[in-house]
Amino acid sequence: MNVMDEVDVAEKVGGISIFEQTSKMGHEQIVFCQDNATGLKAIIGVHNTVLGPALGGTRFWNYATEEEAIVDVLRLSRGMTYKAAVSGLNLGGGKAVIIGDVTKLKNEAFLRRFGKFVNSLGGRYITAEDMNMKTSDMEYIGMETKHVTGLPVEIGGSGDPSPVTAYGVYMGMKAAAKKAYGTDSLNGKKISVQGVGQVGMYLINYLVKEGAEISITDINTERLAKVSADTGATIVGMNEIYDLDVDIYAPCAMGATLNDDTIGRLKANVIAGAANNQLEDEARHGQMLVDAGMIYAPDFVINAGGIINISGELAGAYNKEQAYSWTEKIYDTTQNIFALADEKGIPTQDAAMKLAEKRIEDIGRVKLSM
Ligand code: NAD
């Protein structure tokens, strides 16, 4: 018999105490979901629901260890809290990870079983796409729960969030360029883009239109060749990207590319990209960027276009124009963060986190009033 197995776990997994971690990081609830019939193993992380229900995508990944999956869901769900708060949304932060080989496991029953688990949280957690999950997968999940977003446009959803995310990154990059160069024009700027996936590709289109000179890299050589042929961007090596003589570096692939090995090699004055968790160590590497004189546009601020887009879907009838106009505000938010960082003499990452925490605290107090 398969039983819905949702437990707040207090035991040690892979040497880390779950409660130690969640208490340090401020999570409200971690839900372990498992179903033998479909092979589903998932973890839902609800980080903070002060501003609203915890929204965040589901990542399907073949994690090497359970510990890796837990660490990922804890970090990602916390990141969503900050992203929603700093973007002025009335949403909390959450995320889900599904463990296993997507090519072997994903099917209708599997996705609907996951949808049932999402539904059992009664709306405290709302899911969406993330790595290896598509809008069509959301449709299956949506057969078992209404707490799902990122549904296809044809059925009233907001569809693929990547184009809006790219627009927000573009806005954040312009705000950072203004801070570094006194003008937000990217005409003639040399920009390196790491990862030409969904967001990277749309971002490059904006940059090329403005007359920027683009260098690109990706592990997917086929995609790389296509984007180069379509946009005129120059292909560079995977490792070479860190040593290029460019004005702006845009990480749009994986996280933690700003670390002890790379920061000393980068020549860019501005770092602005879509990837989540770009700083390997938030405090140390945030400060290293300041010391190196680089302007860092915090990732969770400028890649919020996707969640802003989804918030439009949650609000009722989705309106694309409105989603873009809300996303455009990332320019102002990024500027406010730079101003706060200057005023307090702190890294931009810390300033962005402070701004988010202040909003959660202020609005949390408002909610308590009669
Ligand atoms: P994607 O999977 O479409 O693209 C990622 C690209 O990076 C792929 O082409 C992949 O081949 C490439 N890549 C992977 N490892 C690489 C490496 N070591 N070096 C160079 N390239 C590498 O993903 P996406 O939707 O474009 O998202 C890009 C990043 O932005 C991710 O970190 C994602 O979490 C983040 N993000 C995306 C959205 C969104 O709306 N899609 C929203 C917020 C944040």
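1. At the start of helix H12, a side-chain oxygen of Asn 319 comes to within 3.0 Å of the backbone nitrogen of Glu 321. This is a polar contact, meaning a pair of N or O atoms within 3.5 Å, where within protein one atom must be able to donate a hydrogen and the other to accept it, and where residues adjacent in sequence count only if both atoms are side-chain atoms. Helices (H or I, at least four residues) and strands (E, at least two) are DSSP runs, numbered from the N terminus. The model is a predicted one, in which local features need pLDDT of at least 70 and side-chain atom pairs count only at pLDDT 80 or more, while totals for chains, interfaces and linings use all residues. Residues are numbered from 1 along each chain as its sequence is written, and side-chain values use heavy atoms, with hydrogens and water left out.

2. In helix H12, which spans residues 320–328, Ala 323, Tyr 324 and Thr 327 are buried, where buried means under 20% relative accessible area, exposed over 50%, and partly exposed in between (1.4 Å probe, protein chains only). These residues lie on the same side of H12, because they cover an arc of only 95° around the axis, the arc being that of the directions from the helix axis to the C-beta atoms. An α-helix has 3.6 residues a turn, so residues three or four places apart point the same way. The cover over the buried residues of H12 includes H6, H7, helix H11 (305–314) and helix H13 (330–344), with contact taken as heavy atoms within 4.5 Å.

3. The ligand is surrounded by 21 residues, of which the closest are Thr 165, Gln 198, Val 199, Asp 218 and Ala 253; a residue belongs to this shell if one of its heavy atoms lies within 4 Å of the ligand. By class, the shell holds 9 nonpolar, 8 polar and 4 charged residues, with Ala, Val, Leu, Ile, Met, Phe, Trp, Tyr, Cys and Pro counted as nonpolar, Asp, Glu, Lys and Arg as charged, and the others, Gly among them, as polar. Helix H6 (162–181) and helix H7 (198–209) each contribute at least two residues to the shell.

4. Ligand oxygen atoms are placed 2.7 Å from an N or O atom in the side chain of Thr 165, 2.9 Å from a polar backbone atom of Gln 198, and 3.1 Å from an N or O atom in the side chain of Asn 276. Taken alone the ligand exposes 830 Å², and the protein buries 75% of that; accessible areas come from the Shrake-Rupley method with a 1.4 Å probe, and for residues only the protein chains shown count as cover.

5. Ser 162 is located in helix H6 and is buried, its relative accessible area being 9%. The side chains of Ser 162 and Asp 160 are joined by a polar contact of 2.8 Å. When neighbours within four places in sequence are left aside, Ser 162 is in contact with Gln 198, Val 199 and Tyr 202.

6. Is Ala 253 buried or partly exposed? With a relative accessible area of 43%, Ala 253 is partly exposed, and its place is in the loop between strand E12 (248–251) and strand E13 (270–271). Not counting residues up to four places away in sequence, Ala 253 touches Gln 194, Gly 195 and Ala 275.

7. Most residues other than glycine have a negative phi. Asn 132 lies in the loop between strand E8 (125–126) and helix H5 (135–141) and is partly exposed at 37% relative accessibility, while Asn 277 lies in the loop between E13 and helix H9 (282–291) and is partly exposed at 23%.

8. Thr 58, in strand E6 (residues 58–61), counts as buried at 0% relative accessibility. The side chain of Thr 58 makes a polar contact of 2.5 Å with the side chain of Thr 127. Beyond neighbours within four places in sequence, the contacts of Thr 58 include Ala 96, Ile 98, Phe 114 and Tyr 125.
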